[in-house]
Amino acid sequence: MNIHEYQAKQLFTDFSIPVPRGAVAANAAEAQDAARQLAGSTCVVKAQIHAGARGKAGGVKLARSPEQAGQFAADMLGTRLVTHQTDAAGLPVNSVWIEEASAIKSEFYLSLLLDRESERLIFVASAAGGMDIEAVAAQTPEKIVKVPVHPAAGLQPYHGRQIGAAFGLGKEQQGQLQTILEGIYRLFLAKDCSQIEINPLIETADGRLVALDAKINFDDNALALHPDIAAMRDASQEDAKEAEAKQFDLNYVTLGGNIGCMVNGAGLAMATMDMVKLKGGAPANFLDVGGGTNKDKVKEAFKLILSDGTVKAVLVNIFGGIVKCDVIAAGILAAVEEMHLTIPVVVRLEGTNVEQGKTMLSQSGLGLATADDLNQAAELAVKLAEGVA
Ligand code: GDP
Ligand code: MN
């Protein structure tokens, strides 16, 4: 799960990582008030969306007065911001973060993430901060240092010295950096993060290290342990279908094709998508209804797929192990009866109570096609989606 910059900066404050003073605002008047409270004459107005690269897209603006801050906020709020990290539709700007302007001397890149290969948390740091780190990695990889932390030994001063050397810090700033690294490391473990990224971490003209930007991703599987973090979810920033699916505990990922796939188990879902591709089609989604599913979940899953305007055919591929095929069939029939079915559906069931399930589908009179194996089912779904069967 992602959170907004203003939420990440609050967590940074809780863990002794310095950030500029600021306040969140949901309308122009609040933004103007917040700017006035900050006293200084200039402030920065930052669109709050779950994506980076806002600066280049007009989502980060330096305001010379509280009035101008209000004006920038009014311009941003209610729009959708498109950056090179979003899709073409962009993400809705429902709030802005108003913060005191910083005088920047240097911009650094600093992140902490899990490196699966070395099975360690690693700090990634670069003196080439403030820009697209992927571009730095591609063009000048020598400008990036990676510092792994042993899980038993934990963070040590020598980690800080390696990163400080990469930044070219003086003695005074080195001490500040150590505090920041400790804060990041503690925060990562305490809240089960999957990534913390500060780009840029700046040195101000008066020699202070400050996190100017803040991005945190969390491990979804640990959210149940952190109700405070879970409460920070902003569904408006997520794919509407994926968010709806989450409510029903369904694993749904939007893809670009036109064949809706309902499958149980991630492995079977992958195999199904491979088969659709092999037959010349393209999946519209990855939908895993899970192992221990029930009629209602199947119904919701099916409705979710049918409500996708780009879907031209649906392929259901279920292996009834724990879940029984007649339960799946009942869910499909309940969904089809509720929705107005206008597109072809191919169902391949296998496993416990498969005959009952198939009989229910064929006797329903709803024109559902059944198939005996995945090969046949995928081929038929691809043909039906192209309108040739
Ligand atoms: P992002 O584009 O979404 O990553 O947003 P950032 O928070 O990183 O801001 C983008 C850029 O705006 C930064 O790299 C800075 O160069 C600039 N910027 C942000 N805040 C300030 C500020 O207070 N003072 C100055 N001078 N520049 C700022
Ligand atoms: Mn940034």
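How many nonpolar, polar and charged residues does the shell around ligand 1 have? The shell has 7 nonpolar, 5 polar and 4 charged residues. In this predicted model, local features need pLDDT of at least 70 and side-chain atom pairs count only at pLDDT 80 or more, while totals for chains, interfaces and linings use all residues. Residues are numbered from 1 along each chain as its sequence is written, chains are lettered from A and ligands numbered from 1 in the order in which they are written, and side-chain values use heavy atoms, with hydrogens and water left out.

**View 1. The shell around ligand 1.** Among the 16 residues around ligand 1, the nearest are Lys46, Arg54, Gly55, Ser102 and Glu107 (a residue is near if one of its heavy atoms lies within 4 Å of the molecule). At least two shell residues come from each of strand E2 (43–47), strand E7 (104–115) and strand E10 (193–204) (strands are DSSP runs of at least two residues, numbered from the N terminus).

**View 2. Polar contacts of ligand 1.** A polar backbone atom of glycine 55 is 2.8 Å from a ligand 1 oxygen. For asparagine 199, a backbone N or O atom lies 3.1 Å from an oxygen atom of ligand 1. Aspartate 213 places a polar side-chain atom 3.1 Å from a ligand oxygen. The protein buries 79% of the 560 Å² that ligand 1 exposes when taken alone (Shrake-Rupley method, 1.4 Å probe).

**View 3. Ligand 1 and the domains.** The chain is assigned domain 1 (1–20 + 103–238), domain 2 (21–101) and domain 3 (239–385), with bounds from an automatic or database domain assignment. Ligand 1 lies between domain 1 and domain 2 because both give residues to its shell. Taken over C-alpha atoms, the centres of domain 1 and domain 3 are 41 Å apart.

View 4. The peptide bond from asparagine 199 to proline 200 is cis, with omega near 10°. Proline 200 is in strand E10. Alanine 53 is in the loop between E2 and strand E3 (60–63). Phi of alanine 53 is near 65°, a positive value in a residue other than glycine.

Methods:
Polar contact = N/O pair within 3.5 Å; in protein donor to acceptor, adjacent residues only side chain to side chain. Helix = DSSP H or I, 4+ residues; strand = E, 2+ residues; numbered from the N terminus. Nonpolar A, V, L, I, M, F, W, Y, C, P; charged D, E, K, R; others polar.
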